[in-house]
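Hello,

Here is the structure I promised to pass on.

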Amino acid sequence: MCGIVGYVGRQQAREILVEGLKRLEYRGYDSSGIAILNSQSYLARAVGKVAALEQRVWTDKPEGVIGIAHTRWATHGKPTELNAHPHRDCT
């Protein structure tokens, strides 16, 4: 099971998406990730609490007003960055 937050608007997506993931965190997820679209795609994933992903996002400071963020329970595969959502393709 996953928790998904999406945003399309005028504000920077990163703050809105990370805050949305924090609201879902009580459900016990084991990994999270975020994708932000602009002239270059940004993707970051982390194992553990949303704070691990948040630290990476605040360091990288991706810009963009369109994005999606996921939290994940490891129902298929181990909780690793490779298995964290979102995925770029089906492989």
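A word on burial to begin with: a residue is called buried when its relative accessible area is under 20%, exposed when it is over 50%, and partly exposed in between, using a 1.4 Å probe and protein chains only. By that rule Ala44 is buried, because its relative accessible area is 3%.

Two housekeeping points before the rest. This is a predicted model, so local features need pLDDT of at least 70 and side-chain atom pairs count only at pLDDT 80 or more, while totals for chains, interfaces and linings use all residues. Residues are numbered from 1 along each chain as its sequence is written, and side-chain values use heavy atoms, with hydrogens and water left out.

**The core**

What does the largest nonpolar core consist of? It has 17 residues, and those with the most contacts inside it are Leu17, Leu21, Ile34, Tyr42, Leu53 and Val57. By nonpolar core I mean a set of buried Ala, Val, Leu, Ile, Met, Phe, Trp, Tyr and Cys residues joined through side-chain atoms within 4.5 Å. Two or more residues of this core come from each of β1 (2-8), α1 (13-24), β2 (31-37), β3 (42-47) and α2 (50-60). The element that gives the most is α1, with 5 residues. Helices (H or I, at least four residues) and strands (E, at least two) are DSSP runs, numbered from the N terminus. As general background, nonpolar side chains tend to be buried together in soluble globular proteins.

Not counting residues up to four places away in sequence, Tyr42 touches Ile34, Ala35, Ile36, Arg56, Val57, Asp60 and Pro62. Contact here means heavy atoms within 4.5 Å.

**The two helices**

How do α1 and α2 pack? Their angle is about 170°, and their axes are 10 Å apart. That makes α1 roughly antiparallel to α2. The axes are lines fitted to C-alpha atoms, for helices over the stretch in contact, and angles run from 0 to 180 degrees between N-to-C directions. Angles over 145 degrees count as roughly antiparallel, under 35 as roughly parallel, 65 to 115 as roughly perpendicular and the rest as oblique.

On the α1 side you will find Arg14, Glu15, Val18, Leu21 and Lys22, which meet Val50, Leu53, Glu54, Val57 and Trp58 in α2. By class, this contact has 6 nonpolar, no polar and 4 charged residues. In that count Ala, Val, Leu, Ile, Met, Phe, Trp, Tyr, Cys and Pro are nonpolar, Asp, Glu, Lys and Arg are charged, and the others, Gly among them, are polar.

Glu15, in helix α1, counts as partly exposed because its relative accessibility is 33%. The side chains of Glu15 and Arg14 are joined by a polar contact of 3.4 Å. A polar contact is a pair of N or O atoms within 3.5 Å; within protein, one must be able to donate a hydrogen and the other to accept it, and residues adjacent in sequence count only if both atoms are side-chain atoms.

**The strands**

Ser31 counts as buried, at 1% relative accessibility, and its side chain makes a polar contact of 3.2 Å with the side chain of Asp30. Ser32 is buried too, with a relative accessible area of 0%.

Leaving aside neighbours within four places in sequence, Ala44 is in contact with Ser32, Gly33, Ile34, Leu53 and Arg56.

**Two further spots**

Glu81 is found in the segment after β4 (66-72) and counts as partly exposed, at 38% relative accessibility. The C-alpha atoms of Glu81 and Arg45 are separated by 5.6 Å, although these residues are 36 residues apart along the chain.

Finally, where is Lys61? Lys61 lies in the loop between α2 and β4 and counts as exposed, at 54% relative accessibility. Its phi is near 50°, a positive value in a residue other than glycine. Most residues other than glycine have a negative phi.

Best wishes
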